Amino acid sequence: MKSKILVLKMISVAGAFLVGFWIPLRLIGYVLDPAWEIVFDLLISVVAGINVYLYFQRSEKNVSDFRSWVNLGLCFDLVCLLPLSLMAFVFFHTTVSGLLIFNLLAARHVRHVKGILDSFGHLQPITYRLVPIFVMMPLLLHLIACAWISLGSGTAGPDTDQVYEYVKAIYWSFTTLTTVGYGDISAKTIPQMLFTCLVQVTGVGVFGFILSNVASLLARKDAAREHHMDNLDKVENFMRSHRIPSDTRTRVRSYYHYMWQHKKGYRDHSALEDLPKKIQSELFFHINRPVLEQVPFLKGASHELVEDLMHELESRVCIPGEKIFKTGDSGDAMYFIYKGGVEIISDQGAVIAKLVEGSFFGEMALLFDGKRNATARATQFCDLYVLKKDSFEHVCAKYPEFLEHIHNVIQTRAS
């Protein structure tokens with residue numbers, strides 16, 4: 001159903017562009033063969049029908065309910081359903097009539113481009129903010145150019161070559177809308193002067209809006225870098241004033257550079273703190289589910305239990321060579337490798353295993369009380385998720401069936 005609505009919205013936007021570009025040209029005398037005009041008019045009716053359908057789907061109104069029809073936008077779309085070119089041809093023997101201006105009402109559905117963008121994931125904020133603006137700008141320039149032609153094209157005057165006349169009008173529209181105004185084409189009549197003033201005022205608002213959004217987005221993008229560089233400067237001053245050895249300084253700088261390159265200066269979960277707990281759980285479930293499902297004693301656990309466990313995961317970054325835990329340490333947590341690598345080392349110093357992204361280790365600490373019988377060391381910068389034993393027991397206490405399953409696993413391993 002969602003894919004169907006998305007396709008209909010795309011058709012609606014394409015139809016809005018078609019209406020917004022062709023109807024003004026028809027009104028100023030750029031016409032085709034009457035048969036093509038009627039076909040085009042029928043296409044507008046089809047697009048209007050799609051917009052009516054989308055209205056009832058969006059608002060979940062009942063078609064039989066009269067109150068559902070008391071909507072100005074819906075009334076506009078119902079007018080566009082009428083084949084106005086065909087009506088003009090039948091009653092006035094021409095496909096060009098003032099009636100066609102009502103079809104321009106369908107051009108407002110170009111705003112559905114925002115709804116289309118909402119349907120796509122992985123879009124940067126700057127894309128979501130600026131795409132609708134740059135989609136609507138050509139339509140605005142076109143409408144201004146057609147209005148300028150209808151007013152006589154100013155000092156440029158009308159031209160027998162309609163394409164050349166239209167290009168000149170687009171040129172005038174762009175220079176006037178941006179308030180550049182070279183003066184090579186200017187207004188001669190009072191209506192042209194008043195229209196020029198209106199276009200200039202519109203241009204100030206439109207381009208002011210664009211520039212402010214671009215500046216805001218660029219400033220927001222650089223804010224993280226500025227925060228990162230500020231922290232790095234403070235650390236550098238601290239290490240310099242305390243005469244920290246150069247090798248330690250290098251490791252500190254490497255850590256900050258890694259955090260910037262891979263996390264852009266933000267903690268993993270800090271951006272999600274304002275979200276409802278349910279949405280946070282869904283996000284964590286999507287990110288961590290493949291890793292958690294590999295843990296043997298978690299296989300068969302309920303979706304709710306896994307979500308609760310994910311909520312308890314804590315983020316930790318280890319530098320190359322850092323010992324995550326040592327032989328003899330108390331077993332109080334298990335670890336999941338999100339990025340990086342870890343090697344497990346025996347008491348004698350031999351490497352038992354090398355673990356990569358998606359692996360886990362230390363899980364027996366959740367089931368048994370005791371000391372670590374090996375050492376875990378990061379072989380490179382490593383992003384870990386940590387599940388502490390206390391958190392694990394707290395979550396399992398809410399699921400008696402799973403707690404019984406854990407006891408069975410412990411008894412099996414003990415025997």
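Seven nonpolar, four polar and four charged residues make up the lining of the second largest pocket. Here Ala, Val, Leu, Ile, Met, Phe, Trp, Tyr, Cys and Pro count as nonpolar, Asp, Glu, Lys and Arg as charged, and the others, Gly among them, as polar.

Before I go on: this is a predicted model, where local features need pLDDT of at least 70 and side-chain atom pairs count only at pLDDT 80 or more, while totals for chains, interfaces and linings use all residues. Residues are numbered from 1 along each chain as its sequence is written, and side-chain values use heavy atoms, without hydrogens and water.

Back to the pocket. Its lining has 15 residues, and Gly-362, Met-364, Ala-365, Arg-372 and Asn-373 lie nearest the centre. A pocket is an open set of points on a 1 Å grid over the protein atoms alone, where a 1.4 Å probe fits, with protein on both sides within 12 Å along at least five of seven lines; lining residues have an atom within 4 Å of a point.

Next, Lys-398. This residue sits in the loop between helix 12 (389-396) and helix 13 (400-414); helices are DSSP runs of H or I, at least four residues, numbered from the N terminus. Lys-398 is partly exposed, because its relative accessibility is 49%, and the term covers what falls between buried (under 20% relative accessible area) and exposed (over 50%), with a 1.4 Å probe and protein chains only. Its C-alpha atom is 9.9 Å from that of Asp-308, 90 residues away along the chain.

Last, Leu-18. It belongs to helix 1 (residues 2-27) and is also partly exposed, at 41% relative accessible area.

Conventions. Helices (H or I, at least four residues) and strands (E, at least two) are DSSP runs, numbered from the N terminus.
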